[in-house]
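Dear colleague,

I am handing over the structure that follows, together with some notes on what turned up in it. Please read the notes with the coordinates open beside you.

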Amino acid sequence: MVSLANLEGLGIVGVKDIYYNLSFEELREHELNNSLEGYEKVYPTNLGALACDTGIFTGRSPKDKYFVDNEPSNKNIAWGNINQKVDKKIFDKLKKVATDELSSKSLYVMDLFTGSSPKSKRRVRFITEVAWQAHFVKNMFIRPTKEELKDFEPDFTVINAAKAVNGDWESDGLNSEVFVGFDVENKTSIILGTWYGGEMKKGIFSMMNYWLPLEGKLSMHCSANVGESGDTALFFGLSGTGKTTLSTDSKRALIGDDEHGWDDEGVFNFEGGCYAKVINLSAEDEPEIYGAIKENALLENVVIDENGNVDFSDGSKTENTRVSYPIEHIVNHKSDLMAPHPKNIIFLSADAYGVLPPVSRLTKEQAMYYFLSGYTAKVAGTERGVDEPVPTFSACFGEAFLPLHPTLYAKLLGEKIDKYGVKVYLVNTGWAGGKATDEGIKRMSLSKITRPCINAILDGSINSCEFDKTDMFGLEFPTNLKGVDPTVLNPKNAWKDKGKYLKAREELAKAFIENFKRYDDEEIAKAGPQI
């Protein structure tokens, strides 16, 4: 149980009331009774869920994320544009800005777990003056029992002072008045100037990505599900590759949709909830997510009319409209949020060049290469003057959240593939027969191509197929797969103009090679495309 003394130890003084681990019902009452306008106000909707706005920040502020340059943690952190340094004196000054904001207020304190594995979980305390932010973290993290709360001592504390800003940011040498900072040694994070709930979620994910690998445990930005026989599958992929859709399977229990760990016991979810995009959401296309939007769920930045009706097609506030909800809202989920060691790992890439096969079987070395590459491609045409696909690389499919060097995560992945005999596949959910920008070329059918490839991996039938190998990329692909047009399985055969295919293949290969130069690892590079 948290006390005034606990808060005073952080520098938060004169607190009026402590609303400690309120139930969903109590939080709803606080949210609806809140008479303040602006970003603190929430709105009821026709679906039973509440809705809030997160202000000018409808996504994370990656340029405002910093780690304190402290020993010994600074010896582990991979410094750069992702993990920026901040001096301890500046952090402490901004921590006082945060604690001054929260002092003499009524505060919401939520004590929660991250990590469902008993041997790997961490205890996290969130402190905020905003009811819906307490609701958000209650949705997103694992809720302790009353018994577990009796002797709860946090391993890490998040002080969210969204209403305060850093007025001295220029003289401090920082990016803006927003500040999302981490003091690893003193087990504290502070948030200033942004109301976006995802900062708390991804901040703790970043910390798990720091703690676990140093213990020999792999932290992963992936979704996961498990079949009735205990065959666990992991799905890695950047935005738009189908990670959420393909891991949602009525025949398989969902372990989690976004963040997982892999320790000696198996795979486990970091979270107790889901955070799904809802732009253009429909009950027909994504019934599980649509059905999860009910009481206790919290919508972000959606457009609502005066009667509380939500228009999911309206992206006027942001295209990044979201909903957070407890994972129990997904009917077919794994209640303990854990599963055995994975049998299959699937990397998802939406290849807009039309070069990668719909499905490829990877060696361990290739798995490490494509894991480090974290490839997908943006479809051209989203910006003026852009008429070609734009390759996107994000190390380990989550570079923005990796405090340590990416090769450390890749090394752990390779060790676990060997130890547990895991099969790894690369699945292209993008285009075939041409580039995405070519006339008449459409994205591969989810139902006729991608889903059958996934099903063949999960039921093991792909293992009885004959395989061939692509040139340059050296990817093994099945020559026949039940329910899939064999012409599409070999990307070269899917192109009518073979000369254009060879040109596109070389273009993509060069992009991979250029991106991989930053790793300076010749052995792993051999598993990638060779020109």
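Helix α2 passes α4 in a left-handed crossing, a term used when the near helix is turned anticlockwise from the far one by less than a right angle. The model is a predicted one, in which local features need pLDDT of at least 70 and side-chain atom pairs count only at pLDDT 80 or more, while totals for chains, interfaces and linings use all residues. Residues are numbered from 1 along each chain as its sequence is written, and side-chain values use heavy atoms, with hydrogens and water left out.

The axes of α2 (residues 24–33) and α4 (residues 131–140) come within 9 Å and cross at roughly 155 degrees, where axes are lines fitted to C-alpha atoms over the stretch in contact and angles run from 0 to 180 degrees between N-to-C directions. The two helices are therefore roughly antiparallel, the word for angles over 145 degrees. From α2, the residues Phe24, Leu27, His30 and Glu31 meet Ala131, Trp132, Ala134, His135, Lys138 and Asn139 of α4, contact being heavy atoms within 4.5 Å. By class, this contact has five nonpolar, three polar and two charged residues; Ala, Val, Leu, Ile, Met, Phe, Trp, Tyr, Cys and Pro count as nonpolar, Asp, Glu, Lys and Arg as charged, and the others, Gly among them, as polar.

Some backbone details also deserve a look. Glu71 and Pro72 are joined by a cis peptide bond, with omega about 0 degrees, and Pro72 lies in the loop between β4 (65–68) and β5 (84–86). Phe397, in the loop between β25 (390–393) and α10 (406–420), has a positive phi near 60 degrees although it is a residue other than glycine. Asp520, which is not a glycine, has a positive phi of about 50 degrees and is found in the loop between α14 (498–516) and α15 (522–525). Phe397 counts as buried at 1% relative accessibility, whereas Asp520 counts as exposed at 69%; buried means under 20% relative accessible area and exposed over 50%, with a 1.4 Å probe and protein chains only.

As for the whole protein, there are 15 helices and 28 strands, which are DSSP runs numbered from the N terminus (helices H or I, at least four residues; strands E, at least two). Of its 531 residues, 57% count as buried, and the C-alpha trace spans about 70 × 55 × 50 Å along the principal axes.

Terms used
Parallel < 35°, antiparallel > 145°, perpendicular 65-115°, else oblique.
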